[in-house]
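Here is a short report for a first look at this structure. It covers aromatic rings, a helix pair and some backbone details.

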Amino acid sequence: MLEGDRRHLTHAISLGQRGLGRTWPNPAVGCVIVAGDRIIGRGWTQPGGRPHAETIALTQAGPAARGATAYVSLEPCAHHGRTPPCCDALIAAGVARVVVPMQDPDPRVAGEGLRRLRAAGIEVVIAHDMADTAREANAGFLMRQATGRPLVTLKLATSLDGRIATARGESRWITGPEARTAVHLMRAQSDALLIGAGTARADDPMLDVRIPGLGDASPLRVIADGSLSLPLTGRLARSIPSQPVWLMHRRDADRTRRKAWEGLGALTFACPTDDTGALIPAGLLDLLGENGVTRVLCEGGGRLAASLLRAGLVDRLVYFHAGLVMGAEALASIAALPDEPLPDMARWTLVRSTPIGPDVMSEWRI
């Protein structure tokens, strides 16, 4: 692959990431159209998944797209949805060449977009050496295609000894403002934010994005509340008209409570439970995947985090360490886990560790 191809494809992948958290259930795709050495069109998937990146870039390019090269961060779609297939749009525009890093695993596409382009006489280049970068950019979409569930990132913000609140319940603020801003950026790139009912009752949170210019990027709020015990007068309930809430509950949850929440505009989902009546994490995530969610950021509490870890359902762990020590009586960030022999415990791999204000942010993957 030519160096110019690599540069423009990197640009397309970067553009696509601007849509993260807002395009689900669609992938977040970017497209750059180049004629000679000049960029004549670029675009990325818009909120709600439409219009697609290729449509925007082709509109910008206009007639100049004929004979040009299109760089797309994922195979152009080949199926009719709310809009015609992007592969057909590229053919109609007369592009001479299309460069992609990977095929789309969606069974409605799965190589068909590239096949149509080739059949129309368009040169197709698959830049395999860029595939890992492209997969990272659309990890949530790809996880849902492969497993049916969304990608799960567990975020923890703790003292040095792993505590999230003092013995008297104080938790604001353990980390500094820089770390809190980083968390809000993580929220903006997530489809959904997941917390347990205990955390929701204790904090009465908004779970929104409070960064200037990103207010419209606040994610869907998902609460694991088996008995639908949350108050109907809290901030989550009052703010449903501006930011949706989904409640994941037991099948035997009180019908009156369910109807009351639905009357406020929340969506309710009956989840499978284990022998103790606790929600089964895999069933909860499968329901989210069935309803289009591709990226979940879990912000606690300790029991929910432990249940996800116990089930092997945490794909990424982002840990913010603050420079204080709270002691054994303070609240632990993760509830009890099985007492396994040390050699049998899952080992996480450190991806990066970065000072952020007075704190340290580290990212780990299993």
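Rings of Phe, Tyr and Trp (its six-membered ring) pair if their centres lie within 6.5 Å; planes under 30 degrees apart count as stacked, over 60 as edge-to-face and the rest as tilted. This model is predicted: local features need pLDDT of at least 70, side-chain atom pairs count only at pLDDT 80 or more, and totals for chains, interfaces and linings use all residues. Residues are numbered from 1 along each chain as its sequence is written, and side-chain values use heavy atoms, with hydrogens and water left out.

**Aromatic rings**

Two aromatic pairs occur in the structure. Helices (H or I, at least four residues) and strands (E, at least two) are DSSP runs, numbered from the N terminus.

Trp 246 also pairs with Phe 269: the centres are 5.0 Å apart and the planes at 45°, so the pair is tilted. Phe 269 belongs to strand S11 (residues 267-271), and the two residues are 23 apart. Trp 24, Trp 246 and Phe 269 form one aromatic cluster.

How accessible are these rings' residues? Buried means under 20% relative accessible area, exposed over 50%, partly exposed in between (1.4 Å probe, protein chains only).

| Residue | Relative accessibility | Class |
|---|---|---|
| Trp 24 | 23% | partly exposed |
| Trp 246 | 9% | buried |
| Phe 269 | 12% | buried |

**A helix pair**

Helix H3 (residues 86-93) and helix H4 (residues 112-119) have axes that come within 9 Å and cross at roughly 20°. Axes are lines fitted to C-alpha atoms, for helices over the stretch in contact, and angles run from 0 to 180 degrees between N-to-C directions. H3 is therefore roughly parallel to H4 (angles under 35 degrees count as roughly parallel, over 145 as roughly antiparallel, 65 to 115 as roughly perpendicular and the rest as oblique).

**Backbone details**

Most residues other than glycine have a negative phi, and most peptide bonds are trans. The bond from Trp 24 to Pro 25 is cis, with omega near 5°. Another cis peptide bond joins Gly 300 and Gly 301, with omega about 5°. Leu 207 has a positive phi near 60°. Leu 207 is buried, at 4% relative accessible area. Leu 228 has a positive phi of about 55°. Leu 228 is buried at 0% relative accessibility.
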